[in-house]
Amino acid sequence: MGSIGFATATTTQMTSTGSQHDSQSQTLPTYKSPWIRTPLVESRSLSALAGCRILLKLENTQPSGSFKSRAMGNQILSHLHNPSNFGKSIHFFASSGGNAGLAAVCAARTLGFPCTVVVPVGTKPLMVDKLRKAGARDVVRYGETFAEAGEYMRDVVMKNGDNNDDEGEVVKIALHPFDNEAIWEGNSTLVDELVEQVPLVAGDAVEGDGYGDMALPVDAIVCSVGGGGLLNGLVMGLERRRRQLAKSSSRKTAQARPTHLIAVETRGTDSLAAAVAKGSLVSLPKITSQATSLGAIRVSERTLQYALHPPQGVKVHSTVLSDADAARGVLRLVDEERMLVELACGVCVEAAVGDACRAEKTKKRKRGLDEGYGDDRVSAGESEGDLSDGGVAEDPLRSRLKELVPDLKPESRVVIVVCGGSNVTIDAAVEWRTMLNEGWGDEN
C-alpha cells in the first residue's frame, strides 16, 4: 500500500500545509508515491524488558532503508507540484551524510529525475558506494559536516556545468536534509498510519475516531534526533490528528494524558539537548559520536521550540545516551528481532529498554552474566517478574523511558520509530559486540 495522507501523489496540488489549489486540480501531473506505508509490529521480548508494550514502526523497510524516504520524497514532490517547474528538466541536489541523500536519490529515480549528492569527507565508502548504486548522477565528498557539504553544494557544485540540455533549461533544486516544511509534513504521515495500526486494549473508550482522552492510543513515541526533521513531523502529525478529531466530534478535545515524545541523541551529536539546556540554538563545534547519521551540529529552530514549548497534548523529553548504549540497542534488534540498523536507530531501543543503572550492569558482568551487549536483561534467578511465558516484567530495571515517563503500566503502548539507515554492516555489529564484551561503556 502506498503512503497515506496529503502527500500521496494525486492530480491536486498540495502545499506544505496541506491546502489545495482547486483551480489547478485538472492540470497537475500525477506522481507515484516515493515511500510506502510501513508495518507496526509488537516485540514481546522488548516489551518484557521495558515493562510495557513495545511497538516497532519499521521505517527500515522504506525503499531507501530509512524514514528519510518520507522526508526527502515529500520535499521532492513539493517541488514537482510547483507550477513554475511544470514541463522543465529538473536536477535535484542533496547534501547529506548518507541516508537523506540515499532517500533523495531513490525518490528522484522513482519519479524520473536525476539527483546529485554532496557528502562530508568522513562519509564511509560503503555509503558512497550505495549512493552510486542507487543511481546518483554524481557523489561529491567535501567538508567535515553536513553544513559544510551543503554550502559547497550550493556555492560550487550547483553552479558548475551546463544549465541547459537538449530539452531546454535545467532547473537545479537544492534539497535540505531536515530543515524544511515539506520534510516535516512527509514525516508526519507516520502518525496517520499509527492511527490505523496501533492495537486497542481493554478499557479504550473509543468515541468516533478518538480514544477517550487521547488523540492517539499511544503513551509514548521514541525517536532519534539529528536535525529534528522526524521529531517535527511527529509533533505536526499529532497536532493534525487533534484538529481532525475536534472537527469530527463534539467531545472535549483537551487531552488529560499527553503523548510523550522521547527525543534521543548520542553523546557527541547532542545539539538538541545542548539547545534545551541553554534555551536557544547551539552549534556543536564538531561531531564526536560514531552515530554520524545524527551529525547535525545544530537542530532546526522549529525543533527547539517544540522541545521548549510543545503544543497541547504533547510533551517532549530530550535525553542523551552513549555510543556504547546505541550499540547495545543495535545488538538487541539483531538478537531479538533479526534486524540490523545503525547506531542512530539502536539508541532509541536502548532508551526504551536499557538499564539506566550502570553499576548494576557492571555487577552482572562481574558475575559472568554478560550475553554480548553488556547484558542488562533480567536473568534467571534475578527476575523482577515472571518472564517464562513471554509476559511483561512487573518491575524491570529502570530504563531511560521509565525515568522520563514513570507512570507507564504493562498495558501502556510505546512506539519506537525504527528509523533504519544503510550505513551499517554485519562486521560493524560484530566489532561492537566484541567491544562491549571487553567493557566498552562501563566507565559511563
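Predicted model: local features only at pLDDT ≥ 70, side-chain atom pairs only at ≥ 80, totals over all residues.

Biologist: Then why is Asp192 called buried?

Modeller: Asp192 has 14% relative accessibility. The limit for buried is under 20%, so Asp192 counts as buried.

Biologist: And what makes Ile426 exposed rather than buried?

Modeller: Ile426 comes out at 60% relative accessibility. Exposed starts over 50%, so Ile426 gets that label. Ile426 sits in helix H14, residues 426-437, and together with Leu340 and Val430 makes a nonpolar surface patch of about 270 Å².

Biologist: Back to Asp192. How do you know that Asp192 and Arg240 form a salt bridge?

Modeller: The closest N and O atoms of Asp192 and Arg240 are 2.9 Å apart. A salt bridge needs the side-chain nitrogen of Lys or Arg within 4 Å of a carboxyl oxygen of Asp or Glu, so the pair qualifies. This pair links distant parts of the chain, with Asp192 in helix H6 and Arg240 in helix H7 (residues 229-248), 48 residues apart. Arg240 has a relative accessible area of 14%, so Arg240 is buried.

Biologist: Why do such side chains pair up in general?

Modeller: Because side chains of opposite charge can pair when their charged atoms come close.

Biologist: What makes Arg70 and Glu193 a pair that ties together separate parts?

Modeller: Their side chains meet in a salt bridge at 2.8 Å, N to O. Arg70 lies in helix H2 (residues 68-80) and Glu193 in helix H6 (residues 181-197), so the pair ties together parts that are 123 residues apart in sequence. Both Arg70 and Glu193 are buried.

Biologist: What about Arg328 and Asp325: why are they called buried?

Modeller: Arg328 has 0% relative accessibility, so Arg328 counts as buried. Asp325 has 7%, and that also makes Asp325 buried, since the cut-off is under 20%. Their side chains meet in a salt bridge of 3.1 Å, N to O. Both lie in helix H10 (residues 323-337), three residues apart, about one turn of the helix.

Biologist: How many salt bridges does the structure hold?

Modeller: There are 14 salt bridges in the structure. Among them are the Arg70 and Glu193 pair and the Arg328 and Asp325 pair.

Technical notes. Residues numbered from 1 in each chain as written. Heavy atoms only, no water. Patch = residues over 30% accessible without salt bridge, like charges linked within 9 Å, V, L, I, M, F, W, Y side chains within 5 Å. Areas by Shrake-Rupley, 256 points an atom, 1.4 Å probe, with all protein chains shown as cover. Helix = DSSP H or I, 4+ residues; strand = E, 2+ residues; numbered from the N terminus. Buried < 20%, exposed > 50% of the residue type's maximum accessible area, 1.4 Å probe, protein only.
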